[in-house]
Amino acid sequence: MKFTATQIAGLLAGEIEGNANAEVSKLAKIEEGTDGSLTFLANPKYTSHIYSTQATITIVNKDFVAEHNINTTLIRVDDAYKAFSKLLEYYNQVKMNKTGIEEPVYISESASYGDNLYLGAFSYLGDNVKIGNNATIYPNTYIGNNVTIGDNVIVFAGAKIYSETIIGDNCVINSGVIVGADGFGFTPDENGEYSKVPQTGNVIIEDNVDIGAGTTIDRATLGATIIRKGVKLDNQIQIAHNVEIGEHTVIAAQSGIAGSTKIGKNCIIGGQVGIVGHITIGDNVKIQAQSGIGRNVKDNEALQGSPALSYSSFNKSYVHFKNLPEIIKRFNTFEKKIDND
């Protein structure tokens, strides 16, 4: 796909300085720009590269003042970073603008779907599946019985969505995601042998949720595992049965949340965080990477460590931990002195 400076400026409400007919067909970092590429300058520390970049078109802020000659066509906008992000979003929409049903696929006679469906080859739609408008479902996707999927949802290749799952509008389900697998429910008998507890609930994913590649979300034992609107989950996260994650919470990769834990709104949870089951975490909580959470957490707390302490307490304690060898050495010297006395 090729775009001219005029087309790009029109999309971004920008002003062209240079060749309005300049064409680009790829994106690049400003220091790696080549002929036919589009780049941007937002961070002042990269300003020197605009004088040497080979990019055909560069998006800059309106207040940018060139101190040397430049060879690239400029498109001036109010905010170069936001403008480039908008362009990336548009580019993705164009690139993924697929429609139609490939072959072979399996679609149950009782399944239904809206306008502009793209269904990739080797996909499976079970009984009573309902899919909204403008859904994009890539190849090798499994969608089980009684699943409901809203409008403008993208499901990437190889995702598995088990029966009874409900997915809202504008969600993105990346490759390898498994939604609705059985929760980890077993009960021991008097001989120490484990029997499976049936997992009869489902998973509910509300609007505008992004789920990263390889993440798993288990169905509830009873009721529902719920991912509220606007939640963003990174790759390879484990969400156990009956967990509830509040609106606009973000969780980084390799974190694990045990069963029946409730997480509030607008939380930020770092990578490799482990959270025990049956606790409540409040709103606006920040948890640093690799922390272990084993207690209820109040609103607005910031935690770090395993077991986690308040962020300030952890930093104060770490100063002493770092100096522990010297402290022990001084203590031993003092102890010997007392013994000698």
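Biologist: In this predicted model, which residue in E5 does Lys26 stand opposite?

Modeller: Strand E4, residues 26–27, and strand E5, residues 37–40, run parallel and are joined by 2 bridges. Within E5, the residue opposite Lys26 is Ser37.

Biologist: Which residue in E6 stands opposite Phe40?

Modeller: E5 also pairs with strand E6, residues 57–61, in the parallel sense over 3 bridges. Opposite Phe40, E6 places Ile59.

Biologist: How many bridges join E6 to strand E7?

Modeller: Strand E7 covers residues 73–77 and runs parallel to E6. Thr58 stands opposite Leu74 in E7. The number of bridges joining E6 to E7 is 5.

Biologist: In what order do the 5 strands form the open sheet, and which are the edge strands?

Modeller: The pairing in this open sheet is mixed, and the order is E2-E7-E6-E5-E4. Pairing on one side only marks the edge strands, which are E2 (15–17) and E4.

Biologist: What angle does the direction of helix H1 make with that of E7?

Modeller: Helix H1, residues 5–12, packs on the sheet and touches E2, E5, E6 and E7. Its direction makes an angle with that of E7 of about 10°.

Biologist: Which helix gives the most to the lining of the largest pocket?

Modeller: The largest pocket holds about 530 Å³ of space. Of the 18 residues that line this pocket, the closest to its centre are Asn92, Gln93, Met96, Asn152 and Ile154. By class, the lining has 6 nonpolar, 9 polar and 3 charged residues. With 4 residues, the helix that gives the most is H2, residues 80–95.

Conventions:
Residues numbered from 1 in each chain as written. Predicted model: local features only at pLDDT ≥ 70, side-chain atom pairs only at ≥ 80, totals over all residues. Heavy atoms only, no water. Pairing = 2+ DSSP bridges. Contact = heavy atoms within 4.5 Å. Axes fitted to C-alpha atoms, helices over the stretch in contact; angles between N-to-C directions. 1 Å grid on protein atoms, 1.4 Å probe; cavity = no way out; pocket = protein on both sides within 12 Å on 5 of 7 lines; lining within 4 Å. Points joined across faces, edges and corners; volume = space filled by probe spheres on them. Nonpolar A, V, L, I, M, F, W, Y, C, P; charged D, E, K, R; others polar.
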